[in-house]
Amino acid sequence: VPFPSGGATGTPYIYSQETINGLSGTNVTAGLSYYVRNRINISFNYKTEMKLSGTSAGSVYTGARDIKYPSSTGIGIKYQPENVIPAVLSFDAVSTAWSKLTDTAFSDTRLQDTIEYHIGIEHRFDKGMPVRLGFAYVPHYTDAEVRDSYLTLGTGFDVSKVNVDLGLVFRKSNYTVKDVFAGSHASKPATVTYDTVIDSTF
């Protein structure tokens, strides 16, 4: 669970990763799916708020603690066009009100509401082997300028009675970090303290 450990209004926040033990809570996830003309499926999903309470034994904070995680709402659409060779197109979006997260250990979390977008296609060849291609856009709730993009590629096949799925994920991330060389070069003004970084993983 990332929480701010520094920063000021108008400047990027610095976040630390915390592992928390000793808290418990419950929430409910409900969904509804509806078929339109047998080829279009519309689905809705809602996850309620979840309050965790107890004595936190975390890596950053230890003591009595209450954390309330926000609700989220999702909508998805799946479309299967008329074709002898089956193909499926899917799209979904998930909205989470992270700005409503509260934590008794931190008075100001400054989290951002987010909307994630996912789109994918699965196409099966004549022998039934599928090819899957997907894309996801995931903004980060700790900073509106931090965004992850995912490109995925996958397939699957049967071995005896076992189904084997294979997938590759390419991730591109944009984020802001403190400039360790600020003011040390004549072409770089001393007022520049943060840089935007783009990294990729495969």
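Reader: Among contacts between residues at least 6 apart in sequence, what share joins residues at least 24 apart?

Author: Note that this is a predicted model. The count takes contacts in the protein chain between residues at least 6 apart in sequence. Of these, the share that joins residues at least 24 apart is 45%.

Reader: How many helices and how many strands does the protein chain have?

Author: Strands are numbered from the N terminus. The secondary structure of the protein chain comes to 0 helices and 15 strands.

Reader: Which strands stand at the edges of the open sheet of 4 strands, and why?

Author: The order in this open sheet is S3-S6-S7-S10, with antiparallel pairing. Each edge strand has a single partner strand, so one side of it is left without a neighbour in the sheet. The edge strands are S3 (23-24) and S10 (102-103).

Reader: Over how many bridges do S6 and S7 pair, and which residue stands opposite Met50?

Author: Strand S6 covers residues 50-57 and strand S7 covers residues 62-69. The two pair in the antiparallel sense over 8 bridges.

Reader: Which residue of S8 stands opposite Phe44?

Author: Strand S5 (residues 40-47) and strand S8 (residues 72-79) run antiparallel and are joined by 8 bridges. The residue in S8 opposite Phe44 is Ile75.

Reader: In S9, what are the partners of Lys78 and Gly74?

Author: S8 and S9 run antiparallel, joined by 8 bridges. The bridge partner of Lys78 in S9 is Ser90.

Reader: Which residue of S11 is the bridge partner of Ser95?

Author: S9 also pairs with S11, in the antiparallel sense and over 10 bridges. In S11, the bridge partner of Ser95 is Ile115.

Reader: Is Thr96 buried or exposed, and which residues does it touch?

Author: Thr96 is found in strand S9, which covers residues 87-96. Buried means under 20% relative accessible area, and Thr96 has 12%, so it counts as buried. Leaving out residues up to four places away in sequence, Thr96 touches Pro70, Ser71, Ser72, Asp113 and Thr114.

Reader: What kind of aromatic pair do Phe91 and Tyr117 form?

Author: The structure holds 2 aromatic pairs. The ring centres of Phe91 and Tyr117 are 6.4 Å apart and the planes are at 25°; planes under 30 degrees apart count as stacked, so this pair is stacked. It links distant parts of the chain, with Phe91 in strand S9 and Tyr117 in strand S11 (residues 114-124), 26 residues apart.

Reader: How exposed are Phe91 and Tyr117?

Author: Phe91 has a relative accessible area of 35%. Tyr117 has a relative accessibility of 37%. Phe91 is partly exposed, and Tyr117 also counts as partly exposed.

Reader: Where in the chain are Trp98 and Tyr141, and are they buried or exposed?

Author: Trp98 and Tyr141 form a stacked aromatic pair, 4.0 Å centre to centre with 20° between the planes. Trp98 is in the loop between S9 and S10, and Tyr141 is in the loop between strand S12 (130-140) and strand S13 (143-159), 43 residues apart. Both Trp98 and Tyr141 are buried.

Definitions and conventions
Residues numbered from 1 in each chain as written. Predicted model: local features only at pLDDT ≥ 70, side-chain atom pairs only at ≥ 80, totals over all residues. Heavy atoms only, no water. Buried < 20%, exposed > 50% of the residue type's maximum accessible area, 1.4 Å probe, protein only. Contact = heavy atoms within 4.5 Å. Pairing = 2+ DSSP bridges. Phe/Tyr/Trp six-rings, centres within 6.5 Å; stacked < 30°, edge-to-face > 60°.
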